[in-house]
Amino acid sequence: MDWSLILADVRANWILYLSMPVVAALIGYVTKLVAIRMMFQPLEFVGKPPLLGWQGIVPRRAATMASIACDLMMERLLKPEDVFDRLDPQRVAAEIRDPLIDVVEDITREVAAEYQPGLWETLPEGIKRRVIQRIQKEAPHMVEQIMEDIKSNIHRVFDLKHMVVNALVRDKELLNRVFLEAGHVEFKFIARSGIYFGFAIGCVQAVVWAFTHNVWVIPLFGLFTGWFTDWLALKMIFNPKQPVRYFGVFEWQGLFLRRRKQVAARYGELVAQEIVTPQAIIEEILKGPLSDRLFALVQRQVQRTLDEQAGLAKPLVVFAVGTSRYQQMKKVVAEKVMAALPEALGHVEAYAQEAMDLKNLLVTKMQELTEEEFEGLLRPAFQQDEWILIAVGALLGFLVGEVQVHVMLHFAVMPVG
């Protein structure tokens, strides 16, 4: 080994040697940016499915990731009972009393005119008003009973998992935001780490090139830089789970786990503000896959109320409209009440927001998760197909290395012997 030739080559081509760590750092940085972008973009598949093209890993796995997160959420964070136990049925009835009174009057006049038009039209307005007022007076109590029924049968009328999964699959941009905003510090670390790791590898690359001048050294180091920096950055986010001191010099804990209090706070805020909201909960109950069961509860309470209000006059009412028509009338009233509920319950949202306090509830419970549970909540975003990200990083590093070696051979200066 002729050290004088090696030193002469380094002196003659010092710019090229200095460029190696810089280019390696650039490879590390760019491959991280590409990896992050490939995780979240594009939202929909671009190309020719199933193989020629790409869709962001998180949007593509939206249903799976939302399902995993929701399973943990329901197991450790938020149960349907936690949501509804905080609502006072009497307060709910009070909140929607005014719109409910208007709805009851409209429904009463409409149904009476349809099922007994002759009798209803001939009644004095004062009697009509007393009939309506009697039902209006009972309506808030009926709402209280419906709320009690919902709380007692919450798992039969409300599907929290369906609501969360459906929201995130329908709005993939929202799913991206949950991960990007909760983990913005970690994603910055991923990008920056490529510079540091790449520069260190580039220094080794320069030494190996000085000794070998093998044309495969540069592209292979580029491949290694793209692969290793991607792999290491992803590992360092979640590992180790507990703080570990390395070489007796520095301590490290997975970034997401070390910062889990802050991540949990932002994650909980986003879920409470964007996904599990009073409006979304009300809509899921009224229009979700279990809404037919809610209708059964409402129908039962409406029929009970009508029977009670008919009182002594019930036989006369049944005689006037017929038994089957009377039953049909009660069903129609229940349907009209169900149709009017969404607008009426809109007046409850402000109270529900305050009473449920989902933001503080979620943040508090998320911050109580163990390291393993917390990892299980966020890891799927990185774990699904992460090997593809690493492979793409390696390929980009190799291609840049190929270009780099051709440039170096073109501009290299032969040292004077």
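Good morning. Helices are DSSP runs of H or I with at least four residues, strands are runs of E with at least two, and both are numbered from the N terminus. By class, the contact of α2 with α13 has 20 nonpolar, 5 polar and 1 charged residues. Ala, Val, Leu, Ile, Met, Phe, Trp, Tyr, Cys and Pro count as nonpolar, Asp, Glu, Lys and Arg as charged, and the others, Gly among them, as polar.

I turn now to one residue. Gln55 sits in the loop between β2 (52–54) and α3 (57–60). Gln55 is buried, with a relative accessible area of 10%; buried means under 20%, with a 1.4 Å probe and protein chains only. Not counting residues up to four places away in sequence, Gln55 touches several residues, including Phe45, Arg60 and Lys172, where contact means heavy atoms within 4.5 Å.

Finally, confidence. The chain averages a pLDDT of 77, pLDDT being the predictor's confidence in each residue, from 0 to 100. Over residues 312–316, pLDDT stays under 50.

Two notes on method. Residues are numbered from 1 along each chain as its sequence is written, and side-chain values use heavy atoms, leaving out hydrogens and water. In this predicted model, local features need pLDDT of at least 70 and side-chain atom pairs count only at pLDDT 80 or more, while totals for chains, interfaces and linings use all residues.

Methods. Buried means under 20% relative accessible area, exposed over 50%, partly exposed in between (1.4 Å probe, protein chains only).
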